[in-house]
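Here's a quick briefing to read with the model open beside you.

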Amino acid sequence: MANATIFDAAVIGGGVVGAAVACGLLGAGLSTCILDEGDVAHRASRGNFALIWVQSKGLGMARYGSWTRASADAWADFAADLRAETGIDVAHQRPGGFSLCLSEEELEKRRGALTRMHNQPGWIPYDWEVLDRPALMREFPDLGPEVVGGLYCPLDGHVNSLRLFRALHAAFKARGGAYFPERPVTSIAPLSAGGFRIETPKGAIEAGKLVLAAGIANARLAPMVGLVAPVRPQRGQILVTEKTAPFLRHPVITVRQTDEGGVMIGDSAEEAGLDERIGLGVLSVMADRAMRMFPRIAALNVVRTWAALRVMSQDGFPIYDRSESAPGAFIATCHSGVTLAAAHERLLAPMIARGALDADMAPFSARRFDVPQAA
Amino acid sequence: MFRRLPDPPARRIAFTLDGVAVEGMDGDSVAAALLALGHTACRETAVSGAPRGPYCMMGVCFDCLVVIDGIGNRQGCLVPLTEGMAVETQHGRREVGR
């Protein structure tokens with residue numbers, strides 16, 4: 001292809017992160033395209049657990065706590081706007097979320113972590129509670145006998161993330177975005193006059209601004225524009241049961257009932273490279289813990305299990321950066337694309353459209369990894 | 001819609017469908033017996049309530065779900081019909097414990 005198509009902005013990666021940023025860029029008036037892989041993409045967006053989760057986010061980086069909270073706070077309007085624009089109800093709910101503990105030791109560990117998190121300098125406080133068993137019983141009358149206590153945060157919620165994914169792409173199309181599947185990016189060249197030429201096996205694109213939102217592939221793409229993204233895949237496995245009448249009003253960090261009635265059981269974490277296979281060992285531990293929390297789950301049939309790959313940085317926090325050497329290039333990478341979708345569309349994308357990240361985004365720069373190893 | 005093959009007659013199996021006494025043949029799955037009776041819609045979906053009936057007859061489509069002897073969401077095509085079975089329409093989501 002001799003003449004490349006030219007856009008104000010190109011987003012590499014069409015998952016929930018890329019699509020949310022791309023929708024925001026269109027909203028800011030930039031002509032925008034998404035360069036995506038095809039059905040073979042690892043696509044964490046199709047495998048995630050769909051929590052919009054605040055209560056455990058930010059130990060080690062206070063700014064991640066406030067960023068997560070800002071997104072969770074923006075979610076209700078975000079969902080309403082998506083519905084108005086696309087007709088798709090993403091089933092956003094914010095009833096508050098629980099973490100349930102099966103031993104005093106587990107409870108103490110979680111309580112300690114949250115106490116340290118809320119005591120950090122710069123932390124913006126919000127409500128959370130430690131609940132003993134009698135308090136939990138009021139919320140969950142048929143709680144399993146081994147549950148000793150738990151944590152509650154009113155800011156937590158959940159969503160139907162498959163419909164979110166579809167709604168974002170529908171909104172992207174409705175706003176006039178150009179979606180190009182089957183375009184794995186092979187090279188990116190900054191142009192002398194500004195902007196970028198992006199090569200794919202199906203031709204080249206030119207764009208004034210570039211956003212890398214390609215998940216695990218960001219590690220390969222970032223150095224092409226003077227950025228770094230030390231991210232690795234971390235496998236998570238999930239089970240889902242048959243659809244059943246509603247019995248679980250609140251999401252629990254490892255168990256939630258979807259708007260359509262299925263019970264999802266999740267939250268495993270394994271270092272397994274790009275291996276997306278499931279394993280009965282991990283699945284059976286997850287199922288066992290879920291049944292000990294809610295014995296009625298034992299009567300349900302599991303209809304599907306799967307694994308997906310989280311996009312993890314070394315410290316687990318997102319990376320948002322602008323390239324020093326090619327200032328039109330930005331990167332956005334995280335493992336909580338659903339929780340952060342509202343922030344990506346409403347807060348991050350406008351910064352990228354303006355050409356610079358706000359000063360309070362500095363903690364997310366990958367420069368935080370530039371610390372020499374102690375001898 | 002469905003007719004039985006001209007096999008040698010098998011033993012008749014009495015069961016109930018939504019409380020009504022009906023018959024199938026020995027060797028039928030629950031789903032096959034329902035189809036042979038002309039009962040093609042055995043459930044209403046959990047999300048939209050649309051009527052559905054047995055489709056793949058080999059355990060993968062989950063469209064033949066019925067309540068059998070009080071237990072919901074059973075795959076009718078995978079359960080052999082037995083004497084005295086109580087088969088009921090699956091209305092929407094299964095209630096846990098039923």
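In helix α7(A), the buried residues are M286(A), A290(A) and M293(A) (buried: 20 or more other C-beta atoms within 10 Å of a residue's own; exposed: 12 or fewer; partly exposed in between; C-beta atoms are placed from the backbone). Because they cover an arc of only 60 degrees around the axis, they sit on the same side of α7(A) (the arc is that of directions from the helix axis to the C-beta atoms). This is a predicted model: local features need pLDDT of at least 70, side-chain atom pairs count only at pLDDT 80 or more, and totals for chains, interfaces and linings use all residues. Residues are numbered from 1 along each chain as its sequence is written, while chains are lettered from A and ligands numbered from 1 in the order written.

**Helix α7(A)**
- Turned away from the buried side is a face with the exposed residues L280(A), G281(A), S284(A) and V285(A).
- The buried residues pack against β4 (97–101), β12 (231–241), β13 (255–257) and β14 (263–265) of chain A (helices, H or I of at least four residues, and strands, E of at least two, are DSSP runs numbered from the N terminus).

**The cores**
- The largest nonpolar core has 107 residues, and those touching the most other members are A10(A), I12(A), V21(A), L168(A), L210(A) and V211(A) (a core is a set of buried Ala, Val, Leu, Ile, Met, Phe, Trp, Tyr and Cys residues joined through C-beta atoms within 7 Å).
- Helix α1 (residues 16–27) of chain A gives the largest share of this core, 9 residues.
- Another core, of 17 residues, lies apart from it and includes A32(B), C42(B), V67(B) and V87(B).

Conventions:
Contact = placed C-beta atoms within 7 Å.
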